[in-house]
Amino acid sequence: MKEWKMLLGERGSCMVDVWPFLNNLTADVISRTAFGSSYEEGKIVFQLLKEQAQLTAKVFQSVYIPGWRFLPTRLNNRMKKINYEIGNVLSGIIQKQEGIMKTCEAPNDNLLGLLLESNQKEIEDGGVKKDVGMNTNDVINECKLFYFAGQETTSVLLNWTMVLLSRFPNWQTLAREEVIEIFGTKEPDYEGLNRLKVVTMILYEVLRLYPPVTAITRVLRKKTRVGNMTLPEGALVTIPIVLVHHDFELWGSDAKEFKPERFSEGILKATNGQVSFIPFGWGPRICIGQNFALLEAKMALSLILQNFKFELSSSYVHAPVTVITAQPQFGTNIILQKL
Ligand code: HEM
């Protein structure tokens with residue numbers, strides 16, 4: 001908020017590409033949550049992971065040749081180097097965290113600290129048993145997973161929410177009225193965020209129209225019947241979340257329209273009890289961070305609505321593109337106006 005206010009300065013309004021700011025915001029949040037006091041080092045890891053994701057997307061877009069990834073091409077070498085650097089920085093952070101835990105210098109309130117603590121306990125309780133607890137590599141992979149799964153997904157959600165609230169100013173006004181009614185000009189708190197109804201309906205509708213994760217895949221562990229098809233064991237099945245969310249049969253003839261009111265009585269009512277709203281996946285592997293993500297999005301959106309009015313700039317080009325998540329290809333130019 002401070003940065004946007006600085007950009008506005010004394011002017012009443014100005015144009016900002018909000019996408020990099022939202023991306024930075026969620027990187028800060030996940031880095032602090034994951035690494036506590038080492039969050040600056042954590043951000044280096046995240047920048048490297050971002051580059052890795054871009055290179056991975058390039059690999060996905062090229063023709064698959066078995067064994068190609070083992071060749072010393074420039075791309076493969078860079079990917080290997082990034083992996084090595086990430087491991088190095090994370091090992092340093094882990095050592096620092098272990099030191100903090102030993103001396104009790106700071107409260108153990110970050111994901112890495114909690115992970116290490118529970119791991120240590122599991123190993124102690126396991127006694128002589130082998131195969132209990134995680135090794136450093138497992139811990140590193142958990143941290144990477146949380147960043148990957150939790151950063152861009154949430155910034156993408158905030159991005160499309162700002163786009164849609166710009167396109168539908170009536171919903172922007174309704175959301176702002178609710179935020180002001182609950183928080184006034186005070187900083188939003190946990191209890192109040194859980195009472196936001198209009199904001200929640202809006203976020204669900206954005207997640208339906210622009211699911212950050214557009215598809216998930218599963219490998220079948222046994223022969224499975226789906227409708228009138230029988231799929232063999234080992235088959236790779238893709239669940240196209242975005243298509244399910246836009247399906248006329250499941251959502252009605254207005255499936256492609258932005259209508260947050262569908263969620264006025266909750267998800268169960270909006271879906272008629274069908275599994276048709278799956279932005280966070282479904283079943284045992286459902287997103288573990290969904291409550292965190294929604295809380296973070298509500299917090300960010302409340303702060304934005306308390307401070308600014310916004311509309312799309314005439315230079316905005318609507319071009320969502322899937323680079324792991326569904327992102328704005330040319331950024332999101334928005335005119336911010338001080339309230
Ligand atoms: C709007 C934001 C988010 C969306 C749309 C989202 C969506 C998803 C989806 C679709 C999956 C795959 C589920 C499946 O395979 O069935 C997933 C998994 C996961 N998400 Fe999220 N996510 C979000 C935010 C977060 C956040 C903030 C965190 C962490 C703080 C997080 C952590 C995870 C983890 C660890 C998994 C893997 C779970 C597993 O494999 O058991 N996610 N998420």
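How far apart do the C-alpha centres of domain 1 and domain 2 lie?

## Two domains

They lie 26 Å apart. Domain 1 covers 1-213 + 247-338 and domain 2 covers 214-246, with bounds that come from an automatic or database domain assignment. Where the two touch (contact means heavy atoms within 4.5 Å), domain 1 puts in 22 residues and domain 2 eleven.

A quick word on the model: it's predicted, so local features need pLDDT of at least 70 and side-chain atom pairs count only at pLDDT 80 or more, while totals for chains, interfaces and linings use all residues. Residues are numbered from 1 along each chain as its sequence is written, and side-chain values use heavy atoms, leaving out hydrogens and water.

## The largest pocket

The largest pocket has a volume of about 1,800 Å³. Here a pocket is an open set of points on a 1 Å grid over the protein atoms alone, where a 1.4 Å probe fits, with protein on both sides within 12 Å along at least five of seven lines; lining residues have an atom within 4 Å of a point. Points are joined across faces, edges and corners, and the volume is the space filled by probe spheres set on them.

There are 48 lining residues, and L145, F148, A149, T153 and V213 lie nearest the centre. Helix α6 gives the most, with eleven residues (helices are DSSP runs of H or I, at least four residues, numbered from the N terminus). By class, the lining holds 30 nonpolar, 13 polar and five charged residues; Ala, Val, Leu, Ile, Met, Phe, Trp, Tyr, Cys and Pro count as nonpolar, Asp, Glu, Lys and Arg as charged, and the others, Gly among them, as polar.

Terms used: Helices (H or I, at least four residues) and strands (E, at least two) are DSSP runs, numbered from the N terminus.
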